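Take a look at the protein shown here.

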Amino acid sequence: MTRAATKPTFSVAEANRTLPLVRAIAQDIVAEFTRLKEIGRDRRALEVEAAANPLARPRMDALKADIDEGANRIDAYIKELSDLGVELKDPERGLVDFPSERAGRAVWLCWKLGEDAVAHWHGMDETFSDRRAIEVGGKRPERRAGEGPAA
């Protein structure tokens with residue numbers, strides 16, 4: 001079965017109509033991911049303490065349970081995105097790709113949490129650093145420093 005048969009493709013307008021929900025889910029993912037990183041640091045520090053103080057063990061177990069619950073929440077958020085037909089590429093930055101087509105070629109429309117709209121794309125075999133601005137009305141919007149190469 002081809003990708004097109006299993007996942008919808010998005011026009012830029014369709015991706016932007018979906019963006020409010022995608023943005024909300026991405027915000028939840030980034031917040032939970034950040035929280036899990038902090039809990040992981042706490043747990044690693046507590047492991048050192050637990051070697052000398054067995055009373056630290058219950059706290060370590062509680063942190064592990066928090067990590068497991070948070071990971072399950074992130075998995076559920078990723079499933080929500082997948083059900084919408086989009087893919088999470090980076091849980092730390094809230095980077096999401098929408099499958100699309102450009103000149104008959106399968107591509108990703110690329111969006112990152114904090115951006116106002118879906119306004120970039122890259123090839124299926126490329127990454128965020130390769131993304132290019134989508135031309136609007138025959139003109140390419142200004143690129144920001146650090147964005148991918150021009151198309």
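## Layout of the chain

Reading from the N terminus, the elements run α-α-α-β-β-β-β-β. That gives 3 helices and 5 strands in the protein. The model is predicted. Of the 151 residues, 34% are buried. Now consider contacts between residues at least 6 apart in sequence. Among these, 44% join residues at least 24 apart.

## The helix pair

Two packed helices are described by the angle between their axes and the distance between the axes. Here the pair is α2, residues 12-52, and α3, residues 57-84. Their axes come within 9 Å and cross at roughly 160°. Angles over 145 degrees count as roughly antiparallel, so α2 is roughly antiparallel to α3. The crossing of the two helices is left-handed.

Which classes of residue make up the contact of α2 with α3? There are 18 nonpolar, 3 polar and 11 charged residues.

## Two nonpolar cores

In soluble globular proteins, nonpolar side chains tend to be buried together. In this model, the largest nonpolar core has 19 residues. Which of them have the most contacts inside the core? They are Val22, Leu81, Val96, Phe98, Leu109 and Trp111. Helix α2 gives the most, with 6 residues.

Leu81 shows how parts of the chain meet. Set aside its neighbours within four places in sequence. Leu81 is then in contact with Val22, Ile25, Ile29, Val86, Leu88 and Val96.

There is also a second, separate core of 8 residues. Leu36, Ile39, Ala56 and Met60 are among them.

| Pair | Separation in sequence | C-alpha distance |
|---|---|---|
| Phe10 and Trp108 | 98 residues | 9.1 Å |
| Lys112 and Ala26 | 86 residues | 8.8 Å |
| Thr34 and Arg93 | 59 residues | 9.9 Å |
| Ala71 and Ile29 | 42 residues | 9.9 Å |

Start with Phe10. This residue lies in the loop between α1 (3-6) and α2. Is Phe10 buried or exposed? Phe10 has a relative accessible area of 9%. Buried means under 20%, so Phe10 is buried. Leave out residues up to four places away in sequence, and Phe10 touches Ala15, Thr18, Leu84, Gly85, Val86, Phe98, Pro99, Ser100 and Leu109. Two of these names, Phe98 and Leu109, are also listed among the core residues with the most contacts.

Next comes Lys112, in strand β3. Its relative accessible area is 26%, so Lys112 is partly exposed. Not counting residues up to four places away in sequence, Lys112 touches Arg93, Gly94, Leu95 and Phe128.

Thr34 is in helix α2. At 36% relative accessibility, Thr34 counts as partly exposed. Ala71 is in helix α3. With a relative accessible area of 32%, Ala71 is partly exposed too.

## A positive phi in a loop

Most residues other than glycine have a negative phi, and most peptide bonds are trans. What is the phi of Ala103? The value is near 55°, which is positive in a residue other than glycine. Where does Ala103 sit? Its place is in the loop between β2 and β3. Exposed means over 50% relative accessible area. Ala103 has 85%, so this residue is exposed.

## Looking back

Return to the structure and find these features again. Trace α2 and α3, which cross at roughly 160°. Then find the core of 19 residues, to which α2 gives 6.

How values were computed. Residues numbered from 1 in each chain as written. Predicted model: local features only at pLDDT ≥ 70, side-chain atom pairs only at ≥ 80, totals over all residues. Heavy atoms only, no water. Axes fitted to C-alpha atoms, helices over the stretch in contact; angles between N-to-C directions. Helix = DSSP H or I, 4+ residues; strand = E, 2+ residues; numbered from the N terminus. Parallel < 35°, antiparallel > 145°, perpendicular 65-115°, else oblique. Left-handed = near helix turned anticlockwise from the far one by under 90°. Nonpolar A, V, L, I, M, F, W, Y, C, P; charged D, E, K, R; others polar. Core = buried A, V, L, I, M, F, W, Y, C linked by side-chain atoms within 4.5 Å. Buried < 20%, exposed > 50% of the residue type's maximum accessible area, 1.4 Å probe, protein only. Contact = heavy atoms within 4.5 Å.
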